[in-house]
Amino acid sequence: FERAMRWLAVWLCACAWAASALDNGLGRTPQMGWNSWNHFGCNIKEALIQDTIDAMISTGLAAAGYQYVNLDDCWQSDRDVNGTIIPDPTAFPNGITPLVQYAHAKGLKFGLYSDAGYKTCAGRPGSLNYETQDANTYASWGVDYLKYDNCNTDGSKPEERYPVMRDALNKTGSPIFYSMCEWGVDDPAKWSGDVGNSWRTTGDIEDKWGSMLGNLDKNNKWADYAGPGAWNDPDMLEVGNGGMNSEEYKSHFSLWCVSKSPLLVGCDITNMSNDTLAILTASELIAVNQDPLGVQGKKVATHLEEEIWGGPLSGGRYVLLLFNKWLFEQEVTGYFKDLGADSDASFTVRDLWLRKDLGVYTKKIGAKVPAHGVMVYSLTPA
């Protein structure tokens, strides 16, 4: 009975979020795709994006679930005499539409970036006071996704500016995923459930262990506010960019998956290592991220530099992650009761990185975890 009541509470929470989320039918699970900023910054051009679209298919990323190819800042240059946004003619001489069509022809979706200010963070034209015109332009180009930043504003609160673009996107009649990037200002988790499909809870991530951990913990604070159609966003993935080692990138990816964070690849996928590809296409970790129950996993226990993360999955299952933040291998133990299960519960345990069933465990599971590493398990009622 106790377990049934817990699952009823989880289900009611999920239903409540389904009722309040932005009603464009998108983001029922966290968005998956690629974004240009973390690796390329403003060094983007048409050929690079075409090659990236090709690589999404040839590497197997698309087959693994990644669907959006998103241009970040610096694709735009100016506005014409009618106020219509103009793509940078040097970087994108044929405009945006051919790239959108190229992505669509490959079965992918295409995203753009703008800003809820007069200028973007890189000084390109922003969308403040041009929301309707820009939304209509994006829709006319066939765009599927908008990342909306928060630089160079008029000083008004994001609570005032971000719904304006939501309404403009809705009025186009085109399904455009709305990714709010206002860096956690004024705690967007509290007010964005009916504004965006996702909202940043943090500042920009850097390709550093400490930065990744900082964003993770800031995002964890808002776990109970996420759900289908409305996700907390601790920023894009740094996997493959070179600032962390392989074990750390596995931890980064695993923690983003358990936290139901958007999975937006930020490296050069036209030139990535086999190790990077293996991390990004870890199917059983992705399945946790895309689980239809849509409950964000969270940090449930801490002892010194050892943490336990996890939460419920569909079908009465759980995910449990053992996290070792020490600089040396360490035995870490996770107790099932910390996930909300009965204290003496037994589960069939599966190692999601090894893709291997480990047998039935009661009350807890422990393992030697590498330095800065994780072990991730699914728990199915025995």
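The buried residues of helix H6 (131–141) are covered by several elements, among them E3, strand E4 (85–87), helix H5 (97–105), E5, E6 and H7, where helices (H or I, at least four residues) and strands (E, at least two) are DSSP runs numbered from the N terminus. The residues of H6 that are buried are Glu-131, Asp-134, Ala-135, Thr-137, Tyr-138, Ala-139 and Trp-141; buried means under 20% relative accessible area, exposed over 50%, and partly exposed in between, with a 1.4 Å probe and protein chains only. After H6 comes Gly-142, whose phi is positive, near 90°.

The model is predicted, and local features therefore need pLDDT of at least 70, while side-chain atom pairs count only at pLDDT 80 or more, and totals for chains, interfaces and linings use all residues. Residues are numbered from 1 along each chain as its sequence is written, and side-chain values use heavy atoms, with hydrogens and water left out.

Two disulfides are present in the structure, a disulfide being a pair of cysteine sulfur atoms within 2.5 Å. In one of them Cys-42 is joined to Cys-74, with an S to S distance of 1.8 Å. Because Cys-42 lies in the loop between helix H2 (37–40) and helix H3 (46–58), and Cys-74 in the loop between strand E2 (68–70) and strand E3 (76–79), the pair ties together parts that are 32 residues apart in sequence. Cys-42 is partly exposed, at a relative accessible area of 36%, whereas Cys-74 is buried, at 2%.

A disulfide also joins Cys-121 to Cys-151, with an S to S distance of 2.0 Å. The torsion about the S-S bond of this pair is about 90°, and the disulfide is therefore right-handed. Distant parts of the chain are linked here, as Cys-121 lies in the loop between strand E5 (109–115) and helix H6, and Cys-151 in the loop between strand E6 (145–149) and helix H7 (158–171), 30 residues apart. Cys-121 is partly exposed, with 39% relative accessibility, and Cys-151 is buried, with 16%.

With bonded cysteines counted along the chain, the disulfides follow the pattern 1-2, 3-4. Cys-181 takes part in no disulfide, and the nearest cysteine sulfur, that of Cys-121, is 7.0 Å away; Cys-181 is buried, at 1% relative accessibility. Cys-267 is likewise in no disulfide, the nearest cysteine sulfur being that of Cys-257, 14 Å away, and Cys-267 is buried, with a relative accessible area of 1%.

Helix packing was examined for two pairs. The axes of H3 and H5 come within 10 Å and cross at roughly 10°, axes being lines fitted to C-alpha atoms, for helices over the stretch in contact, with angles from 0 to 180 degrees between N-to-C directions. H3 is therefore roughly parallel to H5, since angles under 35 degrees count as roughly parallel, over 145 as roughly antiparallel, 65 to 115 as roughly perpendicular and the rest as oblique. Contact, meaning heavy atoms within 4.5 Å, is made by Glu-46, Ile-49, Gln-50, Ile-53 and Asp-54 of H3 and by Leu-99, Tyr-102 and Ala-103 of H5.

Helix H8 (residues 209–220) and helix H9 (residues 246–258) pack at an angle of about 15°, with their axes 11 Å apart, which makes H8 roughly parallel to H9. In this contact, Trp-209, Met-212, Asn-215 and Leu-216 of H8 meet Glu-248, Ser-251, His-252, Leu-255 and Trp-256 of H9.
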